[in-house]
Amino acid sequence: MENSNNHLDVEKKSERSETVDLNDNTLQVDISDALSEREKVKFTVHTKTTLKDFAKQDFSVVRQHEEFIWLHDRFEENESYAGYIIPPPPPRPDFDSSREKLQKLGEGEGSMTAEEFKKMKQELEAEYLATFKKTVAMHEVFLCRLANHPIFRADTNFRVFLEYEQDLSVRGKNKKEKLETFLRSFSKTTDEILLGSTQKDVDEFFDKEKSFLLDYHSLLKDATVRADKMTKTHKDVADHYIKISSCLLEMATADTNQLERFATKTADIFEKARKIENRVSTDEDLKLSDTLRYYMRDTTAAKNLLYRRLRCLADYEGANRALEKARAKNKDVHAAEWSQHQACEKFEQMSAKGKEELIDFKVRRVAAIKKNLVELCELELKHANTHSQLLKASIVALREEL
């Protein structure tokens, strides 16, 4: 895993969590290939389109994670998109955990049998590959959300990201920029808390959405933590099956007369059970944990829309007060009227767009969660049947040795 680049052909996406469905074929975006190096991942972004804004109908470019973040920030900072839910940025590729585990495994090689070491190494390599596939999937989902949106798909920066063949020369933030980002985030959080306690929303729809999203985000966060614990438990069970199987094989070697065949068959049973537990863990992580985690981040994006609208409402009411003062003093009335008109128009447009976005968010979220939960149930049933058949066959096989 460490000696060479890890290459993944991602044309087949059967193992991915389906969070976005593209019904419009005029702009299709996918990540057709990805190359993992020690410090970065290079994504091959493939685009197929019939839109006349693009020079070609079928083309590909290579992008890194920082360029995805750059694209997200361009949407986030664009005032024209203040009334829309900006798709959450893909998480940074993080393979440090898998690498650390592999390093520790190498250090402890002398304390385990060759068979146990081989199986543990296979487990860690499979975990690394699963993490890599999820990373690719999350980056693709981000692009698909943009491509499927009637407004975002026409963005100039998005077209540059998809079409410009050279490196975008995007670098990561330095310490000063990270500090500035933190301070802006802190200021925004403070302003959000202040607005939430002092600014009353005039629209019942948005007031209800705010309460719902706050509660829903909390529930998603709690459910994600519990789902992660469940998948980790299945993974731990699989890891312990390796140790049990290894011990049974040692017993078979030590007691060649009485227990050799019996212990060997039992070890084989635990090995088969390990593979089932691993598949259960992987499917639960993909269909449940990842779905919950994604919509927790998407819910945060919806909350950000509500914050921007509430800030716009506060500015509108401030413009109304400024107009009243100007009229009372009979000074700069025309300028105050123009500012009030602009604030009113901006607030009304943001409210109209925001309402559409939140309704669409609900439909999309419900459909995706239903789909993934149904698929999870089908997979759980499949694994349960496989496990049941294994146990039945194991009883028959072990009775033959009595």
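**Aromatic rings and their surroundings**

Modeller: Phe75, Tyr81, Tyr84 and Phe152 are linked into a cluster by ring pairs, in what is a predicted model. The structure as a whole holds 13 aromatic pairs. A pair of aromatic rings is described by the distance of the centres and the angle of the planes. For tyrosine 81 and phenylalanine 152, the centres are 5.2 Å apart and the planes stand at 85°, an edge-to-face arrangement. Tyrosine 81 belongs to the loop between α1 and α2 (96-107), and phenylalanine 152 to the loop between α3 and α4, so their pairing ties together parts that lie 71 residues apart in sequence. Tyrosine 81 counts as buried because its relative accessibility is 9%, under the 20% limit, and phenylalanine 152, at 0%, counts as buried as well.

A second pair has another geometry: the ring centres of phenylalanine 212 and tyrosine 216 lie 5.0 Å apart with their planes at 20°, so this pair is stacked. Both residues are in helix α6 (residues 204-254), and because they are 4 residues apart there, about one helical turn separates them. Phenylalanine 212 is partly exposed, with a relative accessibility of 34%, whereas tyrosine 216 is buried, with a relative accessible area of 19%.

Once its neighbours within four places in sequence are set aside, phenylalanine 158 is in contact with Leu27, Leu71, Phe75, Leu143, Leu146, Ala147, Phe152 and Arg153. Two of these partners, Phe75 and Phe152, are also members of the ring cluster described above. In α4, the buried residues are Phe158, Phe161 and Leu162. Viewed down the axis of α4, these buried residues fall within an arc of 95°, so they line one face of the helix. They pack against β2, β3, β4, α1 and α3. The N-terminal end of α4 is capped by aspartate 155, a side-chain oxygen of which lies 2.9 Å from the backbone nitrogen of asparagine 157.

Charged side chains also meet aromatic faces. Over the ring of phenylalanine 161 sits the charged end of arginine 63, at 5.4 Å from the ring centre. In another such arrangement, arginine 309 lies over the face of phenylalanine 206, at 3.8 Å from the ring centre. Phenylalanine 206 is located in helix α6 and is buried, with a relative accessible area of 2%. Apart from neighbours within four places in sequence, phenylalanine 206 is in contact with Asp201, Leu306, Arg309, Ser351, Gly354, Lys355 and Leu358. One of these partners, serine 351, is 145 residues away along the chain, and its C-alpha atom is separated by 8.6 Å from that of phenylalanine 206.

Asparagine 278 lies in helix α7 (residues 260-329) and is buried, with a relative accessible area of 13%. Not counting residues up to four places away in sequence, asparagine 278 touches Glu123, Lys235 and Ala238.

Finally, the whole chain gives the setting for these details. The protein has 8 helices and 4 strands, and along the sequence they follow the pattern β-β-β-β-α-α-α-α-α-α-α-α. Of its 402 residues, 41% count as buried. Among contacts between residues at least 6 apart in sequence, 76% join residues at least 24 apart.

Key:
Residues are numbered from 1 along each chain as its sequence is written. This is a predicted model: local features need pLDDT of at least 70, side-chain atom pairs count only at pLDDT 80 or more; totals for chains, interfaces and linings use all residues. Side-chain values use heavy atoms; hydrogens and water are left out. Contact means heavy atoms within 4.5 Å. Rings of Phe, Tyr and Trp (its six-membered ring) pair if their centres lie within 6.5 Å; planes under 30 degrees apart count as stacked, over 60 as edge-to-face and the rest as tilted. Helices (H or I, at least four residues) and strands (E, at least two) are DSSP runs, numbered from the N terminus. Buried means under 20% relative accessible area, exposed over 50%, partly exposed in between (1.4 Å probe, protein chains only). A charge sits over a ring if NZ of Lys or CZ of Arg is within 6 Å of the ring centre and within 35 degrees of the ring normal. The arc is that of the directions from the helix axis to the C-beta atoms. A polar contact is a pair of N or O atoms within 3.5 Å; within protein, one must be able to donate a hydrogen and the other to accept it, and residues adjacent in sequence count only if both atoms are side-chain atoms.
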